[in-house]
Amino acid sequence: MSRVIFAPVAASEDMLAQALSAARLPTVDLDDPGRAFFALSDDAGPIGVIGLEGTGADRLLCSLVVLPARKRRGYGGLLVARAEAHARQDVAERLHLLTQTVPDFFQSRGYRPAERASAPASIGSTAQFASLCPASAAYLVKDIA
Ligand SMILES: CC(C)(COP(=O)(O)OP(=O)(O)OC[C@H]1O[C@@H](n2cnc3c(N)ncnc32)[C@H](O)[C@@H]1OP(=O)(O)O)[C@@H](O)C(=O)NCCC(=O)NCCS
């Protein structure tokens with residue numbers, strides 16, 4: 001395996017929107033303020049993307065995609081771990097997320113189910129919570145401090 005690089009990626013990058021669209025994840029909020037995106041890549045090209053939203057103790061983890069040809073090799077877990085490390089360095093204490101597709105993936109990485117109504121205001125007011133993700137999406141939280 002060649003060296004893997006985790007680096008910020010601009011919200012305007014075509015690769016980001018294409019990866020999210022292909023995975024049927026939201027793109028309309030890509031340019032919303034307070035969002036940061038990261039890409040994992042190696043010598044063979046892009047592997048996947050992930051996003052963080054917000055400031056302060058509570059952040060939203062979002063926009064996780066591993067490109068189809070790169071799945072099931074640990075890169076999804078690596079993207080989550082690197083995003084957690086980035087948020088922790090930026091003094092975040094908890095990560096929150098909504099997922100319709102892979103709650104088990106996140107639960108096996110330390111995220112626990114919670115009541116959506118219990119989300120702090122800074123998380124509940126994000127576009128993903130307020131409008132983009134259906135009520136049926138699972139809400140999960142992880143303490144990372
Ligand atoms: C979810 C996703 C990021 C996982 O990436 P990956 O690189 O294949 O994941 P890893 O190789 O690190 O880990 C594989 C693990 O994920 C689980 N997994 C992967 N895809 C899954 C799926 N579609 N349904 C259920 N579990 C899945 C595997 O069972 C495995 O679990 P384990 O580690 O507990 O044994 C990838 O499948 C993806 O991009 N999916 C489409 C977009 C999506 O649903 N994103 C999440 C939005 S919240």
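Strand β4 is largely enclosed by the rest of the structure, because eight of its nine residues are buried. Buried here means under 20% relative accessible area, exposed over 50%, and partly exposed in between (1.4 Å probe, protein chains only). The model is predicted: local features need pLDDT of at least 70, side-chain atom pairs count only at pLDDT 80 or more, and totals for chains, interfaces and linings use all residues. Residues are numbered from 1 along each chain as its sequence is written, and side-chain values use heavy atoms, with hydrogens and water left out.

Strand β4 covers residues 58–66 and pairs with β3, residues 45–53, in the antiparallel sense. Five bridges join the two. Strands count as paired if DSSP finds at least two bridges between them. Leu52 stands opposite Leu61 in β4. Glu53 has Leu60 of β4 as its bridge partner. The two strands form a hairpin with four residues between them. Gly54, in the turn, has a positive phi of about 110°.

Strand β4 also pairs with β5, residues 94–99. Here the strands run parallel, over three bridges. Arg59 stands opposite Leu95 in β5.

These pairs belong to an open sheet of seven strands with mixed pairing. The strand order is β1-β2-β3-β4-β5-β7-β6. The edges are β1 (5–9) and β6 (112–113); each has a single partner strand, so one side of each is left without a neighbour in the sheet.

The protein holds five helices and seven strands. Both are DSSP runs, numbered from the N terminus: helices are H or I with at least four residues, strands E with at least two. From the N terminus on, the elements run β-α-β-β-β-α-β-α-β-α-α-β.

The radius of gyration, taken over C-alpha atoms, is compared with a globule rule of 2.2 Å times the number of residues to the power 0.38. For 145 residues a compact globule would have a value near 15 Å; the protein has 14 Å, which agrees. The C-alpha trace spans about 45 × 30 × 25 Å along its principal axes. Buried residues make up 40% of the 145. Of the contacts (heavy atoms within 4.5 Å) with a separation of 6 or more, 66% come from residues 24 or more positions apart.

The protein exposes about 7600 Å², of which carbon and sulfur atoms supply 51%. Areas come from the Shrake-Rupley method with a 1.4 Å probe; for residues, only the protein chains shown count as cover.
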